[in-house]
Amino acid sequence: MAAKLLGAHMPTSKGYGNAVREGKRIGCDAVQIFTSSPQQWRAKEITDAMVEDLRAAREETGIRQIVSHDSYLINLCSVDEEHAAKSFQGLKGEIERCARLEIPWVVSHMGSSKNQTEAEALPKLAQAALELLRETPDSVTLLMETTAGQGSALNAKFEQLAEILERCGNPDRLAVCLDTCHVFVAGYDLRDEVSYEATFARFDALIGLEKLKVIHCNDSKKPLGSRVDRHAHIGEGEIGPNAFERLVNDPRFENVPILLETPEAPEGHERNLQTLRSYLR
């Protein structure tokens with residue numbers, strides 16, 4: 001069965017409710033937003049009016065699946081204790097804002113192993129994640145995003161995600177967001193049927209497909225294994241159209257939000273949504 005929840009990351013400069021309404025206008029079934037600037041630590045207070053406007057937008061549009069993406073500044077395992085503390089409080093604040101806004105998922109890049117080994121960084125990241133879950137509302141699930149492995153970014157390997165989950169006791173509120181561009185440039189091929197199935201079989205064996213809650217749907221400007229994160233329009237990059245046709249018709253992902261973060265947003269999102277819908281069978 002084909003995907004039912006195609007969507008995109010939408011700007012919130014005119015409010016959260018407007019982001020959902022604009023998403024509906026361009027053809028979204030689901031929407032991702034920032035609840036605060038991804039380049040700043042400070043975040044505006046969530047007011048009753050904001051909550052009510054987002055609630056009204058859900059009712060008006062029928063879009064129930066909303067995802068938040070946290071700040072790009074977050075590094076839960078930083079060797080700089082001040083940065084690690086800011087990251088913890090920043091992500092905690094994001095989860096709390098999402099609980100207030102009734103957004104069930106927060107996507108996070110989680111951290112980088114800069115100036116330390118992977119063996120040192122992963123336990124710290126897992127411990128921080130576990131503490132975050134203990135200190136935040138149960139209504140929000142934290143989604144670790146697969147990364148491109150650019151620089152010292154963690155979670156480019158499925159084994160890293162699996163280790164964090166294991167160290168945390170595999171809690172219900174800790175799961176995964178898979179980015180197609182990121183996994184491709186991290187070395188997981190998707191371009192033909194054999195490689196596509198092998199990649200998701202590997203994910204299932206190490207993590208479990210039931211832990212895959214959101215998919216970021218992006219083609220890649222850079223080749224397989226390059227570890228360089230550059231998104232391309234759907235079907236126009238190194239991954240190509242076949243993988244995305246398989247993805248949107250994969251019955252395992254029928255009810256998983258598949259969200260665009262492609263270039264020239266939001267105008268480019270409308271075109272890329274039309275491309276994805278043209279693949280539906």
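Entry 1: helix H8. I take a residue as buried when its relative accessible area is under 20%. The model I am reading is a predicted one. With that cut-off I looked up helix H8, residues 241-248, and found Ala 243, Phe 244, Leu 247 and Val 248 to be its buried residues. I then viewed H8 down its axis: the buried residues fall within an arc of 120°, so they line one face of the helix.

Entry 2: H4 against H5. I next examined helix H4, residues 118-135, and helix H5, residues 158-167. Their axes lie 9 Å apart, and the two helices pack at an angle of about 45°. H4 and H5 are therefore oblique to each other. I recorded the crossing of H4 past H5 as right-handed. On the H4 side, the contact is made by Glu 118, Leu 122, Pro 123, Leu 125 and Ala 126. On the H5 side, I listed Gln 160, Glu 163, Ile 164 and Arg 167. Sorted by class, the contact of H4 with H5 comprises 5 nonpolar, 1 polar and 3 charged residues.

Entry 3: H5 against H7. I turned to the packing of H5 with helix H7, residues 193-206. Here the axes come within 9 Å and cross at roughly 20°. An angle under 35 degrees counts as roughly parallel, and H5 and H7 are therefore roughly parallel to each other. I found that H5 passes H7 in a right-handed crossing. H5 contributes Phe 158, Glu 159 and Ala 162 to the contact, while H7 contributes Thr 199, Arg 202, Phe 203 and Leu 206. By class, I counted 4 nonpolar, 1 polar and 2 charged residues in the contact of H5 with H7.

Entry 4: Gly 111. I located Gly 111 in the loop between strand S4 (105-108) and H4. Is Gly 111 buried or exposed? Its relative accessibility is 9%, and Gly 111 therefore counts as buried. I also looked up the separation of Gly 111 from Leu 73, which is 38 residues away along the chain: their C-alpha atoms are 9.0 Å apart. Setting aside neighbours within four places in sequence, I found Gly 111 in contact with Ile 74, Asn 75, Leu 76, Cys 77, Leu 125, Ala 153 and Leu 154. One of these, Leu 125, I had already listed on the H4 side of the contact with H5.

Terms used. Residues numbered from 1 in each chain as written. Predicted model: local features only at pLDDT ≥ 70, side-chain atom pairs only at ≥ 80, totals over all residues. Heavy atoms only, no water. Axes fitted to C-alpha atoms, helices over the stretch in contact; angles between N-to-C directions. Helix = DSSP H or I, 4+ residues; strand = E, 2+ residues; numbered from the N terminus. Parallel < 35°, antiparallel > 145°, perpendicular 65-115°, else oblique. Left-handed = near helix turned anticlockwise from the far one by under 90°. Contact = heavy atoms within 4.5 Å. Nonpolar A, V, L, I, M, F, W, Y, C, P; charged D, E, K, R; others polar. Buried < 20%, exposed > 50% of the residue type's maximum accessible area, 1.4 Å probe, protein only. Arc of directions from axis to C-beta.
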